[in-house]
Amino acid sequence: MAASSSLTLSQAIVGRAISSHGSNPTPSDRLSLPAGFTLPSFSGLKSSTPSSSHSTRLSGSRQIRLSSRSRSAIKAAAVETLDKTTETSLVEKSVNTIRFLAIDAVEKANSGHPGLPMGCAPMGHILYDEIMRYNPKNPYWFNRDRFVLSAGHGCMLQYALLHLAGYDSVKEEDLKAFRQWGSRTPGHPENFETPGVEVTTGPLGQGIANAVGLALAEKHLAARFNKPDSEIVDHYTYAILGDGCQMEGIANEACSLAGHWGLGKLIAFYDDNHISIDGDTEIAFTECVETRFEGLGWHIIWVKNGNTGYDEIRAAIKEAKAVKDKPTLIKVTTTIGYGSPNKANSYSVHGSALGAKEVDATRKNLAWPYEPFHVPEEVKKHWSRHVPEGAALEAEWNAKFAEYEKKYKEEAAELKSIIKGELPAGWEKALPTYTPESPADATRNLSQQCLNALAKVLPGFLGGSADLASSNMTLLKMFGDFQKNTPEERNVRFGVREHGMGAICNGICLHSPGLIPYCATFFVFTDYMRAAIRISALSESGVIYVMTHDSIGLGEDGPTHQPIEHLASFRAMPNILMLRPADGNETAGAYKVAVLNRKRPSILALSRQKLPNLPGSSIEGVEKGGYILTDNSSGNKPDVILIGTGSELEIAAKAADELRKEGKAVRVVSFVSWELFDEQSDAYKESVLPAAVTARVSIEAGSTFGWEKIVGSKGKAIGIDRFGASAPAGKIYKEFGITAEAVIAAAKALC
């Protein structure tokens, strides 16, 4: 762990070890092997150029300020270790510990991906042991460095590092329970399962995009809260991504924005091992990644020997941190499955256990005489310092913040609310309210009123659109654009990058509990970003998705732009709120719900066309998911219940008026959110939809899929189960039968 007041033990040891071995040590030079033991040759290892001038790079790697006691302790430990001529250097032993914890866990589970941890162990060791600032006993310390394993299949790398660093979330028993039911070490990193894991990764490319969001959050908060005499927000975001991440389009979308924004505290390690599941990347991926990233505005460094070039890695990180105005991509050429005599550098080590025979061969190859899951005592002792160091780092920052708070009370209070996720008292009173006399308006316009009202009272509220701000109506009028040179502003211009936008917002949201990001596009284009939205739901990231042009009501743009199945598809997704408000009060209610749900994302489906503000609509009703808008029945016994959402609630209300003229007892129910309604008590649900009333008609300008759950087998669901058409909205509604007349006819057939 990096700390200004201490030199890491591994640096002291490696500096001595390198000078004794010369500038170009070979693998056998670094290994002190038992008598009579020989190293078998590796099969298919890539050639790579080892680092030169190691001792020069090490000595210039950082300024050192040590107490005499610290110097004595480090010197004693270094001499003690170096005198053990029958053992490998401590760094090599630590790196191999990481490798074998991964090998052993995957082997025990008979499932997993050992190749990446074996190849990336050196960079992982250097990051967690020498560079990153964190507190293992408080994984949520605000000013910690963030690490994202975008190549999430290699998660045993991260679990091994968390275990060695002293995180309570990954004990030895957790490593042994890798990929098992109830384990804290699932098959891909999950932030909600394992403290120390920042974001949920697995779908390739999502992680690097999350890392961009984390780095954006740091840059934004630093610009807002740092002072000339107090740099209170100061941390880096590190990520490891592989060839698969590089192939995914989302990575390019997000990294393009990272370059544009000049996220200088984002450092990404590209695990350049040339192997994917199907084999060598020569079969499908031959572009020059460095040239592409250079074009995206990144600083590029190539570490040619990622297997054993520890000082190359150190020097690359030092160089990256010196570049303040660009993110850095460090291409690290590694061998997947490094150390495996027969499977290294092949796809067979990518996604399956090595097998007992190959595990034994790898143990011999790397001179590893220990039992599975064993951490050598000197490695354990070395890593144990991270617990007190981490506590000291946090205590130092807390003291610094206390001084900051004395000088800058207002800013400190605001930052503290973002760190803790505390909403200001009475914030919801800022939301606008409406009456039936308020002018009709599109809910996308009403949404903009809500967004701007919230931005005035929520210090962590920020977001933007995928090049549709003027159509989605998402600009915050009192703020400028978040850009490279104006990172304190809150309007984020994502460009036409829906998928990257969603994943970046996940990163922003998971950076600090009080950051509340929103992002916007047309509802139909959630198809471009569905994977990121699903990760929002899975990772408990409360992003607010502002989705306008929510139905055939958008008119002439036609079926390519008219969502049909989208409402049903998101209602099927776990842990997400699908909200379709009908007017101003319901739009305000939807935002209240979305802001309160910090561990559950929300999608607001909003209209392009104007809608009236309906009598009976309310913010409070939205919080229930479904509520009675109007009702002329008594005793909870209406003749028929008409149910609508969004723009079709008006149609249901008009149909009710006509049916009441004919003497019918009609209840109109607004069904803004199925999920919220499902969470209400049985008594409340019975008060809105009494089981005895089977005459029910729903109307929604979308797929009828799922509506039987609401209207029952004897009810009628009016909707659209085909693609839309290009025409004025009124004409399309009439042709598809989304009309008051259709509702009246269905109601009469039922009662």
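The structure is a predicted model in which local features need pLDDT of at least 70 and side-chain atom pairs count only at pLDDT 80 or more, while totals for chains, interfaces and linings use all residues. Residues are numbered from 1 along each chain as its sequence is written, and side-chain values use heavy atoms, with hydrogens and water left out.

Trainee: Is threonine 200 buried or exposed?
Mentor: Threonine 200 lies in the loop between helix 8 (172–176) and helix 9, where helices (H or I, at least four residues) and strands (E, at least two) are DSSP runs numbered from the N terminus. Buried means under 20% relative accessible area, exposed over 50% and partly exposed in between, with a 1.4 Å probe and protein chains only. Because the relative accessibility of threonine 200 is 3%, this residue counts as buried.

Trainee: Which side chain makes a polar contact with the side chain of threonine 200?
Mentor: A polar contact is a pair of N or O atoms within 3.5 Å; within protein, one must be able to donate a hydrogen and the other to accept it, and residues adjacent in sequence count only if both atoms are side-chain atoms. For the side chain of threonine 200, the distance is 2.5 Å, and the partner is the side chain of asparagine 191.

Trainee: What is the relative accessible area of glutamate 405?
Mentor: Glutamate 405 is found in helix 16 (residues 386–407), and a polar contact of 2.8 Å joins its side chain to that of lysine 416. Glutamate 405 counts as partly exposed, because its relative accessible area is 28%.

Trainee: Which residue in strand 20 stands opposite isoleucine 643?
Mentor: Two strands pair if DSSP finds at least two bridges between them, and four bridges join strand 18 (residues 640–644) to strand 20, the two running parallel. Both faces of strand 20 (residues 696–699) are covered, with Arg696 and Ser698 buried on one side and Val697 and Ile699 buried on the other. The residue opposite isoleucine 643 is serine 698.

Trainee: Why is the pair of tryptophan 674 and tryptophan 707 given the class that it has?
Mentor: Rings of Phe, Tyr and Trp (its six-membered ring) pair if their centres lie within 6.5 Å, and planes under 30 degrees apart count as stacked, over 60 as edge-to-face and the rest as tilted. Both tryptophan 674 and tryptophan 707 are buried. Because their ring centres are 4.9 Å apart and their planes stand at 80°, the pair is edge-to-face.
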